[in-house]
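Please look through the sequence and structure below before reading on.

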Amino acid sequence: MIGLHDLSRHYGDLRAVDDVSLMIEAGSITSIVGTSGSGKSTLLRLVNRLIEPTSGHVTIDGKDVHGVPAPELRRRIGYVIQDHGLFPHWTVARNIATVPELLGWPKARIRDRVSELLTLLSLDPATIGPRFPHQLSGGQMQRVGVARALAAKPELLLMDEPFGALDPLLRGKAQDDLLAIQQTLGTTIILVTHDMAEAIRLSDKIAVMRAGKVEQYARPSEILSRPASDFVQDLVGEGERAFRYLSLIPLSQLVEPGEASGTPLSRNATAAEALNAMIWQNMEVLPLEDGGRVTRAALLRAGHP
Amino acid sequence: MRGLSAALLVVLVGAFLVEPTIFTPLLAPLTPEGAPVIYDRADILSLTLAHLALVAGAMIPATFVAVTLGIFVQSPAGASFLPLSRSLTGFGQTFPPVAVLALTVPILGFGTWPTLLALFLYGLLPVFENTVAGLTGLSPTVVEAAKAMGMTPRQRLWRVELPLAFPLILQGIRISTLVSLSTATIGSVVAAKGLGEIIVAGLTSQNLSFVAQGGLLVAALAVLLAKVFDLVDQRIRPNSASG
Amino acid sequence: MRYPDRLGSVLAVPLTAAFLLPFAGLKPNRIASAQAEWLHDMVGWPFAVAIAIIAAAPLLKGKARLPLSAFALATWMVVMGYGASGLLEGAAEYARVSPGAGFWLGLVSLALLLTDTLARANPRPLARVGCLLAAFLIGIMTLRLWGDVSIMQEYVARKSAFWAEARRHVGLATGSFAAAVAIGIPMGVLVQRVAKLRAPVMNTLTAIQTIPSIALFGLLILPLGWIGANVPGARNMGIGGIGMAPAFVALFLYALLPIVTNTVAGLHGIPASVAEAARGMGLNPRQRLLRVDIPLALPVILTGARIVLVQNVGLATVGALIGAGGFGTFVFQGLGQTASDLVLLGALPTVALAFAAQVIFDAIIDCLPGRRT
């Protein structure tokens, strides 16, 4: 459980973070969304003390982060940034081994952990491990950055626009990977992004920031259906609202008994995917893989709160 | 320069140091009537070693002090001295090496010590400047990443910042060393032991052969030393493509 | 609100030492060793305390630091002059007073303080030149009061020779500089365009750099002497063996590399898009060079020129060894006679000249369009 209590960070007259209080549940993915200058990156850096607060404090599992020396704290928190910041003079393997080395892990354990992480992120340990960052592609560098952050099995992972530099195809895959990793490792993730669609897709809860304050902190469905202010509503946008809302609903919630013809959909697919398939195939109803079916009418009904 | 020419130069220099009389026919045309062709007032090899010792004796402490100062000026404790250090290095660039030598003699008298001090002071600058440039020129993302991984400031300095700044620092050491090699010759005017002795002797006795021996030997040493620095630079480059 | 900052606290140490160390040295003649004289002995305790307060005032950081440190520096110089006069009253006829360790330490500390204050103010180019001029004028005025200090006495004793050497020094430095710029820039343009020329030219120029200055001076004596003897009219132009000619040629050769390197780098740094746009607009090669390429490369080229000018002022000092004259004459004479005042008479103007050249040139570079943000 991560607690932000009355957190403020001022730079002279500028209130980069203005009296923010949030409670983040362990094992959840929380997105902090806002436009540039909203203070979201500052807020993130207050958690691992890259920036110190002007007032207020941060607790992890009830303990104030200020009670621990900063370097020690940061070794327990993973950190991923948009430009990944890989050390150019070290191999990929050594980059990933950074924190385990700082913690004094035995060499064999480090070696195994590096291989494990590279494989987890679909990178071949034998070929990628000995390479230097400048020899990697953008997508590979991003994945190595994530591997490096996860190396010491942190309970908390902080990410600042981690997928911003990737093209749309890679971005989707990277987001899938993140969800999969989170499922496997159960890490608490705090993710900063300016992309609302990404936030809706990934998060258990979203905090919308503007001018240093949190305007709304709620589940994605609530952000969509009951935006707390005009700003939040503008951020979501009216254009894709219904489809985004549908993307939060798995078909297992809308299945009804019965048969239908056509290509079966998975139970885990979202209502948005189902509606897209039905429009494209010009069908009114489609079957599900494990039995049952879903109708277009049910989808359309589910599309509004 | 290519490896072959470097090897050839090494052979020539070695031959001259061991058995200079081989070169007599080449140098004879430059010698005035009746004067010795090869410098004979002292052993050329020992002069060469003394010269190199002078340069090393100045450059090694200069590197140590300059890099330490460069690190200090970058740290929070020393940051208030950064503008002053910038002005000083700017001023120091204008200070002619001869003037440094001239000003140390009244303090330390004649001989090797004033030359050593002058070479030390003058050698500080390029190394200091390049250390500061190297440390400030690091990618901020990489430095932040090092911090975020949980490195203490000292670990950051030794594991990330210094290794990445090293190519630039090496450039500074290279410039300093090559300039020192040349400036050390002037030290012989104030009786420092070195290859300048041969040149000065040639100037005073109007023996061009002496001037050529001393001058070309120093030049050859400079070229070879530059080659050594190049080799070291190449070895460390591929591992740090960009800061 | 004035408070002691880091720099002030650090400089307080040498400044205190400056009062504890001998302020001047009284010598029975110009080459004997000096007897130490302390400030309070020279000007009396009340004045010494007053000067201590004036010197300590700028150590506290505040708005008035700039005028206070300038005033302190000027006072320091004036005190030396008056103190020297005081010491010589009643001393032997050939007695000399020279500045002591305390004076120099205090001078350097106050100068550092003033420099830091000026650097933080980040003055614009013209303001920098203005400061230089002000420092120069103040320096001249305080030196008028230095009549009884040994360095000025050396100066007075050989006044006409001093200015003659000064003219020679400036002539040598700026003449070879001008020649190097006139030939080096076109050479750089040529090398940048004809790739095949680059390696041979750069290698030759770099090889020249490795030859120590005194050796190059010496090596040029013979050929130039031959030209002076055998080529009609050469001797009238001043070309000859010993003298200014070998130094001039050597300085010119040393100056070529930085000019050529910077010209090449400056031209190389022009974005390809700009070059293409110029071609597309219909400018012929000569117009492109004069109107686009050179102006864009100018900051880098002028930086190289600045380096060369400063370098030449310094190297010209060494030329004295082969009879080229210049301030080096006094340096080497002083070294030969163990008269440190004579050495200073040669070294200090050289440093001042080099520093002035750097400041003025930097100001010119910063005044180029598009430089200062």
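Accessible areas are computed by the Shrake-Rupley method with a 1.4 Å probe, and for residues only the protein chains shown count as cover.

## Basis of the model

This is a predicted model, in which local features need pLDDT of at least 70 and side-chain atom pairs count only at pLDDT 80 or more, while totals for chains, interfaces and linings use all residues. Residues are numbered from 1 along each chain as its sequence is written, chains are lettered from A and ligands numbered from 1 in the order in which they are written, and side-chain values use heavy atoms, with hydrogens and water left out.

## Surface and burial

The accessible surface of chain C is about 17,800 Å², and carbon and sulfur atoms supply 69% of that area. Of the 373 residues in chain C, 47% are buried (under 20% relative accessible area, with a 1.4 Å probe and protein chains only).

## Fold and domains

Chain C contains 16 helices and five strands; these are DSSP runs, with H or I over at least four residues for helices and E over at least two for strands. Its C-alpha atoms fill a box of roughly 75 × 60 × 30 Å along the principal axes.

An automatic or database domain assignment divides chain C into domain 1 (6–157) and domain 2 (159–326). The centres of domain 1 of chain C and domain 2 of chain C, taken over C-alpha atoms, are 39 Å apart.

## Contacts between chains

A contact means heavy atoms within 4.5 Å. Chain A and chain C have no contact, and their closest C-alpha atoms are 20 Å apart.

Key: Buried < 20%, exposed > 50% of the residue type's maximum accessible area, 1.4 Å probe, protein only.
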